[in-house]
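Hi,

Here is the structure I promised to pass on to you. Please have a look at it first, and then read my notes below.

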Amino acid sequence: MAEIDDVVRELRTEIESADIGSPDAAETFRIKYLGQKRGLINDLMKRIPEVAPGQRRDFGQSVNALKKLAESRVAAAKKAAEAAPGAAKFDVTLPGREPLVGSLHPITQTRNAILRIFERYGFHVAEGPELEDEWHNFTALNFPSNHPARDMQDTLFVSPSDDGDSGVLLRTHTSPAQIRILKNQPPPVRVVVPGRVYRNEAITYKSYCLFHQVEGLYVDTQVTLGDLHYILRTFSRAIFGSDVRMRFRPNYFPFTEPSAEVDIWFANPDHPGGGRWLEILGCGMVDPNVLRAVDIDPEVYSGYAFGMGIERIAMLRYGIDDIRVLYENDVRFLDQF
Ligand code: PHE
């Protein structure tokens, strides 16, 4: 009898002092002491025949008290687990957390928007090398050998040469792609060529030493200036909205004749009626000398070409007034797109 009393006392100390801070520990505790089959409290109750008949009542009561104590500890542990801050993560009905994803650079978004518009009109997308030779960048495009654009002041040469054709340079425009494409594919040709171009220019709010262009080229029999006007008007409406104000302004390029630049009216929201014209592209009818340089007969074929600045269009689209922010990769700027 003395022995069984000791067991009750020991169990009570154990139950009182058990560390059941975690839900797992509380469950282990419950099985150990309150389990139906092998729980220590049930085991103890089964030993009642060992107790002298006169003391069975007291024994039964103290074992019941042990059971109550163990049950209240399990209940308290459960309550504590539910109130814990981490408990909410078990709520499967909570909406998920949105993963952080990057976004496309505004220049890339604008380039894609431009290409999608021309694709709708049957233009294919092509590319050309950024490292060019003088022949493709200038000579084949009808630049005379003494043209100032060939000057080191304007063009970033990698290796200059004396013959005016073989020097290697960073292309100053995407127009050399016209030459590469026409050399490889007989007309009809209808392509747009996106890419980076480089110029040896002072860096200001409106110019940078590198920028992006999309070249357009259409060569076939009977391509007219009216076709060029139509496609550029349609493009401007698609990218800037149907109420866009645009104008064709006569200009000069060695590789087109006649040539023009297209300006877009950039309204100033602070001054009703105020604003300014911003040039977004150069264009014209492919010069017969260019067709001859790639062995295409200008008596049979004609074409138009245009080259637009992606930065200019992105700045108009998003209301950006300093070109330099497009190259700084400041996340506070990029996050907005
Ligand atoms: N290559 C010219 C430029 O960079 C743009 C242009 C392209 C003009 C095609 C006419 C035809 O300014």
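**Notes on the model**

Let me start in a loop: Pro188 lies between H7 and S5, where helices (H or I, at least four residues) and strands (E, at least two) are DSSP runs numbered from the N terminus. A cis peptide bond joins Pro187 and Pro188, with omega at about 5°. There is also a cis bond from Glu257 to Pro258, with omega near -5°; Pro258 lies in strand S8.

Before you go further, please note that this is a predicted model, in which local features need pLDDT of at least 70 and side-chain atom pairs count only at pLDDT 80 or more, while totals for chains, interfaces and linings use all residues. Residues are numbered from 1 along each chain as its sequence is written, and side-chain values use heavy atoms, with hydrogens and water left out.

**The whole chain**

The chain has 12 helices and 10 strands. Its C-alpha trace spans about 130 × 50 × 40 Å along the principal axes. The radius of gyration is 41 Å, whereas a compact globule of 337 residues would have one near 20 Å; the radius is taken over C-alpha atoms, and the globule rule is 2.2 Å times the number of residues to the power 0.38.

The domain assignment gives domain 1 (2-83) and domain 2 (106-334), with bounds that come from an automatic or database domain assignment. Taken over C-alpha atoms, the centres of domain 1 and domain 2 are separated by 86 Å.

Of the 337 residues, 39% are buried. Here buried means under 20% relative accessible area, exposed over 50%, and partly exposed in between (1.4 Å probe, protein chains only). Among contacts (heavy atoms within 4.5 Å) with a separation of 6 or more, 65% are between residues 24 or more positions apart.

Helix H8 (residues 225-240) has 16 residues and reaches 22 Å from its first C-alpha to its last, close to the 22 Å expected at 1.5 Å a residue; the expected span is 1.5 Å times one less than the number of residues. Its buried residues are Leu228, Ile231, Leu232, Thr234, Phe235, Ser236 and Ile239. An α-helix has 3.6 residues a turn, so residues three or four places apart point the same way. The cover over the buried residues of H8 includes helix H5 (106-120), helix H10 (310-318) and the strands S7 (246-253), S8 (256-267), S9 (275-286) and S10 (302-309). Just after H8, Gly241 takes a positive phi of about 105°.

In helix H7 (residues 176-184), the buried residues are Pro176, Ala177, Gln178, Ile179, Ile181 and Leu182. They pack against S2, helix H6 (134-137), strand S5 (189-198), strand S6 (210-220), helix H9 (288-293) and S10.

**Strands**

Eight bridges pair S6 with S10 in the antiparallel sense; two strands count as paired if DSSP finds at least two bridges between them. Val219 has Gly303 of S10 as its bridge partner.

S7 and S8 are antiparallel and joined by seven bridges, with a hairpin of two residues connecting them. Pro250 stands opposite Ala260 in S8.

There is also an open sheet of three strands, ordered S2-S4-S3 and paired antiparallel. Strand S2 (131-133) and strand S3 (157-159) stand at the edges with a single partner strand each, so one side of each has no neighbour in the sheet. Neighbouring strands of this sheet are turned by 35° against each other on average, direction ignored, using axes that are lines fitted to C-alpha atoms. S3 joins strand S4 (residues 168-170) through two bridges, and Phe157 stands opposite Leu169 in S4.

**Two loop residues to look at**

Which non-glycine residues take a positive phi? Asn142, in the loop between H6 and S3, has a phi of about 75° although it is not a glycine. Asn142 counts as partly exposed, at 24% relative accessibility. Gln222 has a positive phi of about 65° and sits in the loop between S6 and H8. With a relative accessible area of 70%, Gln222 is exposed.

Best wishes

Notes. Axes are lines fitted to C-alpha atoms, for helices over the stretch in contact, and angles run from 0 to 180 degrees between N-to-C directions.
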